[in-house]
Amino acid sequence: MKEEDIEIAIKVVIVGNGAVGKSSMIQRYCKGIFTKDYKKTIGVDFLERQIEFNDEDVRLMLWDTAGQEEFDAITKSYYRGAQAGVLVFSTVDRDSFEAIDKWRAKVEEEVGNIPLVLVQNKIDLVEQAVLEPEEAEALAKRMKLRFYRTSVKENLNVEDVFRYLTEKYIERTRSAEPEDNATLSAKIGIFNTTGPSATSQQTESNGNDNGSANQTIQLKPVKQRTKGKKNAFRCTIL
């Protein structure tokens with residue numbers, strides 16, 4: 001397989017309590033829009049965006065998971081195969097801040113050690129803040145995670161969050177031991193975008209099998225592509 005014939009695909013899960021801005025974040029990043037209306041996510045939503053990173057085509061598949069406990073049994077299964085994650089809490093919701101350790105544990109229980117980033121959203125509401133800046137910084141330091149303060153409403157630092165995760169994921173896969181192309185494609189989310197194998201499914205990459213095949217989330221490329229046909233801003237909703 002030639003290097004120019006592959007496309008990197010990264011499954012990213014966005015987790016945190018309800019109403020912290022997870023859905024708004026991926027809507028802003030993928031579609032460039034923001035709405036103040038809050039609509040509770042039922043189960044899981046999915047959007048994707050095509051970007052170029054260091055002259056490589058990268059497809060970010062963003063999974064927005066419900067933050068309410070009643071959906072926990074549903075959403076945890078969608079963590080399977082995730083290759084990066086965003087832990088989100090809100091400036092105006094202390095419970096969401098205190099729940100971050102729980103959310104990290106849930107993700108790592110399903111997929112192990114993957115690149116993660118800690119995000120404090122709604123910093124435009126600083127006058128209503130229920131935690132001190134030093135508390136958030138201390139949490140990031142304790143968890144040894146990159147920390148971003150974002151405002152989805154003002155589109156502040158949202159791009160940086162996902163670009164950082166893209167960089168860390170590619171850095172990790174490039175530093176891994178060389179493997180044959182077939183193994184690499186199945187393991188790190190690279191799709192062949194030319195020839196008959198372009199429709200092959202992505203297998204989960206970082207999680208344990210931990211059960212039967214019907215528990216595995218299989219992903220397919222939405223569209224067959226070849227490098228050179230750029231489409232840097234495309235979203236798909238399931």
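1. How are helix 1 and helix 6 oriented to each other? The model is a predicted one, and in it the two helices are roughly perpendicular. Helix 1 covers residues 22–31 and helix 6 covers residues 158–175. Their packing angle is about 85°, and the axes lie 10 Å apart. That angle falls in the 65 to 115 degree range, so the pair counts as roughly perpendicular. From helix 1, the contact uses Met25, Arg28 and Tyr29. From helix 6, it uses Val158, Glu159 and Phe162.

2. Overall make-up. The chain holds 7 helices and 7 strands. Read from the N terminus, their order is β-α-β-β-α-β-α-α-β-α-β-α-α-β. There are 238 residues, and 49% of them count as buried. Take the contacts in the chain with a separation of 6 or more: 76% come from residues 24 or more positions apart. The accessible surface is about 11,900 Å². Carbon and sulfur atoms own 48% of that surface.

3. Helix 4. This element spans residues 100–111, which is 12 residues. From first C-alpha to last it reaches 17 Å, close to the expected 16 Å. Which of its residues are buried? They are Ile100, Trp103, Arg104, Lys106, Val107, Glu110 and Val111. Viewed down the axis of helix 4, these buried residues sit within an arc of 160°, so they line one face of the helix. The general rule behind such a pattern is simple. An α-helix has 3.6 residues a turn, so residues three or four places apart point the same way. Note that Arg104, Lys106 and Glu110 are on the buried list. Just past the end of helix 4 comes Gly112, with a positive phi of about 75°.

4. Asn121. This residue belongs to strand 5, residues 116–121. Is Asn121 buried or exposed? Its relative accessibility is 2%, so Asn121 counts as buried; the cut-off for buried is under 20%. Beyond its neighbours within four places in sequence, Asn121 touches several stretches of chain. Val20 and Gly21 are among its contacts. Leu156 is 35 residues away from Asn121 along the chain, and their C-alpha atoms are separated by 9.5 Å.

5. Positive phi outside glycine. Two residues deserve a look here. Lys144 has phi near 55°, a positive value in a residue other than glycine. Lys144 sits in the loop between helix 5 (133–143) and strand 6 (146–149). At 74% relative accessibility, Lys144 counts as exposed. Asn157 also has a positive phi, near 70°, and is likewise not a glycine. Asn157 is in the loop between strand 6 and helix 6. With 26% relative accessibility, Asn157 counts as partly exposed.

6. Lys168. This residue is in helix 6, the helix that packs on helix 1. At 28% relative accessibility, Lys168 counts as partly exposed.

7. Points to check in the viewer. Look down the axis of helix 4 for the face lined by buried residues. Then find the crossing of helix 1 and helix 6, at about 85°.

Key
Residues numbered from 1 in each chain as written. Predicted model: local features only at pLDDT ≥ 70, side-chain atom pairs only at ≥ 80, totals over all residues. Heavy atoms only, no water. Helix = DSSP H or I, 4+ residues; strand = E, 2+ residues; numbered from the N terminus. Expected span 1.5 Å × (residues − 1). Buried < 20%, exposed > 50% of the residue type's maximum accessible area, 1.4 Å probe, protein only. Arc of directions from axis to C-beta. Contact = heavy atoms within 4.5 Å. Areas by Shrake-Rupley, 256 points an atom, 1.4 Å probe, with all protein chains shown as cover. Axes fitted to C-alpha atoms, helices over the stretch in contact; angles between N-to-C directions. Parallel < 35°, antiparallel > 145°, perpendicular 65-115°, else oblique.
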